[in-house]
Amino acid sequence: MKDVKPVRYAYSVTAALLAGGAALSLAGYPAGAQVAQNDDSHMARVVPRAGAPESFADLTAQLQPAVVNISTRQRIEISNGNGGNPFAGTPFEDLFNRRNGGQQPQEPQYREGQSLGSGFFISADGYVVTNNHVVSPSGRGTVEEITVTLPDGTEYEAELVGTDAQSDLAVLKVSRSQPFPFVRFGDSSQARVGDWVVAIGNPFGLGGTVTSGIVSSVLRNTGAGAYDRYIQTDAAINRGNSGGPLFDMQGNVIGINNAIYSPSGGSVGIGFAIPAETAAPIVDKLRRGVEIERGYLGIQIQPVTEDVAASLGLQRNRGEFVQSVQAGQPAERAGLQPGDIVLKVNGRDVTPDQTLSYLVANIAPGTTIPLDVVRDGERRRINVTVGKRPTEEELRQSQMFDPDAEQEDDMAPSDNAVIEERLGLQVLELTPQIARQLGAGADTRGVVIASVNRNSDAARKGLQRGDIILSANYRPLTAVTDLETAVRGAQAENREAVLLRVQRRGRPAQYVAVRLSR
């Protein structure tokens, strides 16, 4: 969903906001208390009566001390899209180039960046839960410092204990001699549509902000991956609420605020929280330093449409369609084939709320499980030994590449900024799998074009998605970094173009000179 956005917010200056954040203190709570802020002994006297609550004030006062603001200080590499010339596009551009001997500076430029988010203590000894994207660097940056700010304004430098990009969770640790107020996870599986909830966090840097609403949907699926199961709420969630807790009326953390659906960028009453039943086991592993392993089959899937279900006599909203099977992966070894429809995984129905990806990801690698499938209109059972899910980088490198897919009008952010800005190309490593899909020989070496900027010279020269770049300035390419090196070398020698040898499906390789953008 293009309008589903991580609830993050970046500021160039955050000191004023942090200084003007929540002024609530821990007054009224026994010093050195070791019990959780949402312990039953506390909650019995502060939870609202059944039905519509008279007020959330007592509940908020009890829980708010455990919710914190999280800020990061980052060092971000600035793209050399203008060759490091601060006067690019002005009458002084040539003057700057003459002062530098006409050479484009090769040293990377940096700027300082900051970001804000939310989090909450889960233990008296200072463990804090938040979202991974709250403490991850922006673009080509590194996080140099993470600060946790309590509701009374006290700041602590935090240690990053562990992160998990798949579930977008992270655990931090801060230390002091006195115990911290904390809260515990509840059972999100008991949440029902219509239940009251309260969100506490740091929207737009305004610390200690409290909003209320109801559970709008449980196990909402937005099509974003294996852990795409959210609690949807209409409690106002905005940029900066990421990582903050979503409480039920008993003070249990039933969700971690994570994303919003918003055409405008602000709250429109559709927010998403990671369910506690998903988050709690992962947080526990991150806290203990245990590696998180997820199951993997190696297939490309899509939901079963109503027409497919009708044609095969299947129930609607059941099963997922296998579009392709990766060579050498567990699904192929077990005999799964394109066109199979997987109805059950280890006895559990595959549904829109309980996807095949989610079910498999939560099975330990090495476990042999049955898959109930439909093939050629007949039901059968296939036993498969689940593999270990590769890292995100490994998945990106081995992704199913469709050379005929339409590229977006706007090129997505890329790690290969030099190639993108100078050549107008986004490229991928040429893996054996992509080579097969492009009909290239197993011994072909190079990089494959993923997208072309329509305003670039590469587009004018006819380069397109699926083309394989074999060499640059007569130097063979075996990795994306080789092409980047060739572009930087041409810049250093003040060349205006790079000579590429390009192979297209069904055609012999040919040389194409592509002008570099300035």
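Me: Leaving aside neighbours within four places in sequence, which residues is N346 in contact with?
Reply: This is a predicted model. N346 sits in the loop between β19 (341-345) and β20 (348-349). Contacts with sequence neighbours up to four places away are set aside here. What remains for N346 is I369 and P370.

Me: Is N346 buried, partly exposed or exposed?
Reply: Buried requires under 20% relative accessible area, and exposed requires over 50%. N346 has 41% relative accessibility, so N346 counts as partly exposed.

Me: What separates the C-alpha atoms of N346 and N383?
Reply: Along the chain, N346 and N383 are 37 residues apart.

Me: Which element gives the largest share of the largest nonpolar core?
Reply: That core holds 28 residues, and F120, L169, V183, F247 and I256 touch the most other members. Elements giving two or more residues to this core include α3 (57-63), β5 (127-130), β14 (253-261) and α5 (276-288). The largest share is four residues, and it comes from α5.

Me: How many residues are in the other core, the one with I419 and L483?
Reply: This core lies apart from the one to which α5 gives four residues. Its members include I419, L483, L500 and V514. The count is 24 residues.

Me: Which phenylalanines does V183 contact, leaving aside neighbours within four places in sequence?
Reply: V183 is among the residues that touch the most other members of the largest nonpolar core. Its contacts include Q37, N38, L63, A66, I122 and V253.

Me: How are the rings of F120 and F185 arranged?
Reply: A search of the whole structure finds six aromatic pairs. In the pair of F120 and F185, the ring centres are 5.9 Å apart and the planes stand at 80°. Planes over 60 degrees apart count as edge-to-face. The pair is therefore edge-to-face.

Me: How far apart in sequence are the parts that the pair of F120 and F185 ties together?
Reply: F120 lies in strand β4 (residues 109-121). F185 lies in the loop between β9 and β10. The pair therefore ties together parts that are 65 residues apart.

Me: Which residues do ring pairs link into a cluster?
Reply: Aromatic pairs number six in the whole structure. Ring pairs also build a cluster. Its residues are F121, Y156 and F180.

Me: At what distance from the ring centre does R229 lie over Y358?
Reply: Charges sit over rings at K173 and R229. The charged end of K173 is over the ring of Y127, 5.4 Å from its centre. R229 lies over the face of Y358, at 3.7 Å.

Me: Is D168 buried or exposed?
Reply: D168 has a positive phi of about 60°, although it is not a glycine. Its place is in the loop between β8 (159-164) and β9. Its relative accessible area is 13%, so D168 is buried.

Me: What is phi of F204 near?
Reply: F204 lies in the loop between β10 and β11 (209-220). At 31% relative accessibility, F204 counts as partly exposed. Its phi is positive in a residue other than glycine, near 55°.

Me: Where in the protein is confidence lowest, and where is it highest?
Reply: The mean pLDDT of the protein is 81, and 79% of its residues reach 70 or more. Confidence is lowest in helix α1 (residues 15-19), at a mean of 36. The highest is in β5, at 97.

Me: How many contacts beyond four places in sequence does the model have for residues 408-414?
Reply: pLDDT stays under 50 over these residues. Where pLDDT is low, the predicted coordinates should not be read in detail. The model's count for residues 408-414 is 15 contacts.

Technical notes: Residues are numbered from 1 along each chain as its sequence is written. This is a predicted model: local features need pLDDT of at least 70, side-chain atom pairs count only at pLDDT 80 or more; totals for chains, interfaces and linings use all residues. Side-chain values use heavy atoms; hydrogens and water are left out. Buried means under 20% relative accessible area, exposed over 50%, partly exposed in between (1.4 Å probe, protein chains only). Contact means heavy atoms within 4.5 Å. A nonpolar core is a set of buried Ala, Val, Leu, Ile, Met, Phe, Trp, Tyr and Cys residues joined through side-chain atoms within 4.5 Å. pLDDT is the predictor's confidence in each residue, from 0 to 100. Rings of Phe, Tyr and Trp (its six-membered ring) pair if their centres lie within 6.5 Å; planes under 30 degrees apart count as stacked, over 60 as edge-to-face and the rest as tilted. A charge sits over a ring if NZ of Lys or CZ of Arg is within 6 Å of the ring centre and within 35 degrees of the ring normal.
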